[in-house]
Amino acid sequence: MAENIQRISARFQNESGEMFGSPMDLPIDIDAKKLSILFNALFNEEKEKLPYLFFLDDIEIKESLRKAVDIQFGSDFSAEKVVTITYAPQAIFRVRPVTRCSASLPGHAEAVISACFSHDGKRLASGSGDTTVRFWDISTQTPHHTAKGHRNWVLCISWAPDGSKLASACKSGEIIIWNPHTGQQVGSTLKGHRQWVNALAWEPLHRNPECRRLASASKDSTIKIWDTVLMQCLMTLSSHKQSVTCLRWGGTGLIYSGSQDRTLRVWRDEDGVLCRTLEGHGHWINTLALSTDYVMRTGTYEPFSDESSTKEKAERALERYNKARGEKERLVSGSDDFTLFFWEPESAKKHIARMTGHQQLINDVKFSPDTRIIASASFDKSIKIWDGRTGKYLTSLRGHVQAVYQIAWSADSRLLVSGSADSTVKVWDMSTRKLQQDLPGHADEVYAVDWSPDGEYVVSGGKDKLLKIWRT
């Protein structure tokens with residue numbers, strides 16, 4: 001053990017393994033706060049001092065470096081050893097946990113199935129079993145527009161990454177594009193799927209600043225790519241044998257689809273060519289998450305940022321995407337077989353890790369905005385936390401007493417919100433990995449939750465036909 005050692009030789013490296021400076025002599029009882037001050041003073045030339053996380057291998061240095069050394073090396077440690085401390089910058093801004101319901105929004109006549117904020121958090125849309133899409137005014141927390149056009153349950157909605165339009169899809173297999181400012185339908189209804197649509201995905205902003213192309217995945221086992229200006233189907237991707245349940249449009253020109261045929265497929269977006277098939281799951285695939293989901297969802301938006309011209313937006317979106325992507329885009333799939341698989345699908349057909357531990361099927365999986373953590377929600381009433389780079393299991397969050405349906409991250413990656421069949425919304429603190437806030441109020445199961453990208457609000461909706469807005 002390291003009890004008799006007072007000082008330690010250490011060097012810093014970033015998450016890519018690049019070393020910073022030469023080894024230095026540190027007091028072994030130094031904590032994360034003092035390490036942050038030291039690192040900013042030595043290596044950070046910016047005026048703004050960043051908060052950092054520090055790790056000894058996979059062990060986060062919180063209370064003191066001594067404690068991390070004891071866990072990592074035990075009795076094998078000697079004073080001559082040079083330890084490598086990995087540093088990871090955190091968001092400068094801090095999102096405060098939501099603590100109260102500031103509005104209960106009635107209006108839908110059936111269950112609220114989906115609810116999500118626009119790329120900048122200024123607008124909110126919801127889709128319901130009552131065949132309508134509703135747009136809500138966040139500043140006044142009142143209804144804005146009721147968009148009517150679907151003839152069946154609205155199963156999924158998706159904002160364009162610049163917030164200029166919203167796509168919704170229903171149980172009849174029809175897709176409608178809406179203008180969020182007026183609540184009116186844009187162009188004609190997109191028809192072509194023979195059964196209902198399970199998922200929608202827009203082309204990322206950095207690949208096309210006009211946000212024209214939209215992909216849809218259907219129970220009819222096909223994926224269609226649409227031009228939302230000409231209102232035409234550009235191509236149909238068909239090689240799945242069963243219902244396509246989930247869809248992601250990656251930032252390098254690849255589309256990822258998961259299906260009840262137990263496979264993931266990787267498609268090229270320019271011509272629809274099937275690049276590779278990823279196999280390993282033993283049952284239906286329910287959910288997919290890309291490490292770059294958050295930056296592609298928000299486009300150019302960051303809290304306290306300015307908007308700019310179309311060309312500048314595309315350049316800034318590309319810069320943000322490249323920073324979040326790192327060396328490779330990572331993908332996680334969750335299945336009815338109780339497992340998650342961790343992939344690097346741009347180049348490899350074999351999974352990097354098989355993530356086991358859930359006792360029932362997995363409903364939702366999300367990468368944190370900083371891509372360091374993966375959270376998965378399951379019918380087993382738990383949320384599990386995994387390392388976003390290796391897929392290694394970190395901890396379980398327990399508190400819900402029924403199935404957890406959906407989860408959403410705060411923009412600073414420090415908080416997680418979950419909605420459950422037990423009618424509660426819960427907020428979890430990632431620094432302590434414990435329950436931060438219990439938010440009861442819904443009268444029935446909570447199907448949808450989302451955290452606004454500006455960090456101000458959480459929305460939840462469910463079987464009680466209500467939307468609730470939560471804030472600090």
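## Aromatic pairs

Twelve aromatic pairs are counted in this structure, a pair being two rings of Phe, Tyr or Trp (its six-membered ring) whose centres lie within 6.5 Å; planes under 30 degrees apart count as stacked, over 60 as edge-to-face and the rest as tilted. One of the pairs is formed by Phe-39 and Tyr-87, and it is tilted, with 4.3 Å from centre to centre and 40° between the planes. Phe-39 belongs to helix 1 (residues 32-43) and Tyr-87 to strand 5 (residues 82-89), so the pair links distant parts of the chain, 48 residues apart. Helices (H or I, at least four residues) and strands (E, at least two) are DSSP runs, numbered from the N terminus. Phe-39 and Tyr-87 are both buried, where buried means under 20% relative accessible area, exposed over 50%, and partly exposed in between (1.4 Å probe, protein chains only).

Trp-386 and Tyr-393 form an edge-to-face pair, at 5.6 Å centre to centre and 75° between the planes. Trp-386 counts as buried because its relative accessibility is 1%, while Tyr-393, at 40%, counts as partly exposed. Phe-39 and Tyr-87 also belong to one aromatic cluster together with Phe-12, Tyr-52 and Phe-54. Another ring, that of Trp-196, has Lys-171 over its face, at 5.3 Å from the ring centre; for this, NZ of Lys or CZ of Arg must be within 6 Å of the ring centre and within 35 degrees of the ring normal.

## Basis of the model

This is a predicted model, in which local features need pLDDT of at least 70 and side-chain atom pairs count only at pLDDT 80 or more, while totals for chains, interfaces and linings use all residues. Residues are numbered from 1 along each chain as its sequence is written, and side-chain values use heavy atoms, with hydrogens and water left out.

Leu-254 has Arg-268 in strand 20 as its bridge partner.

Another open sheet has four strands in the order 26-27-28-29, and its pairing is antiparallel. Strand 26 (362-367) and strand 29 (393-398) stand at its edges with a single partner strand each, so one side of each has no neighbour in the sheet. From one strand to the next, the twist averages 20°. Strand 26 and strand 27 run antiparallel and are joined by five bridges, and Asp-364 stands opposite Ala-377 in strand 27.

## Two residues of strand 34

Asp-450 lies in strand 34 (residues 446-451) and counts as buried because its relative accessibility is 7%. Its side chain is joined to that of Arg-297 by a polar contact of 2.8 Å. A polar contact is a pair of N or O atoms within 3.5 Å; within protein, one must be able to donate a hydrogen and the other to accept it, and residues adjacent in sequence count only if both atoms are side-chain atoms. Leaving aside residues up to four places away in sequence, Asp-450 touches several residues, among them Ala-115, Phe-117, Arg-297, Ala-408 and Tyr-457, contact meaning heavy atoms within 4.5 Å.

Val-446 lies in strand 34 and is buried, at 0% relative accessibility. Residues in contact with Val-446, not counting those up to four places away in sequence, include Tyr-405, Gly-419, Thr-424, Val-425 and Gly-462. Val-446 and Ser-78 are 368 residues apart in sequence and 53 Å apart in space, C-alpha to C-alpha.

## Positive phi in two loops

Most residues other than glycine have a negative phi. Cys-211, which is not a glycine, has a positive phi near 50°. Cys-211 is in the loop between strand 14 (197-202) and strand 15 (213-218), and is buried, with a relative accessible area of 0%.

Lys-381 has a positive phi of about 80° and is not a glycine. The loop that holds Lys-381 runs between strand 27 (373-378) and strand 28 (382-387). At 41% relative accessibility, Lys-381 counts as partly exposed.

How values were computed:
Pairing = 2+ DSSP bridges. Axes fitted to C-alpha atoms, helices over the stretch in contact; angles between N-to-C directions.
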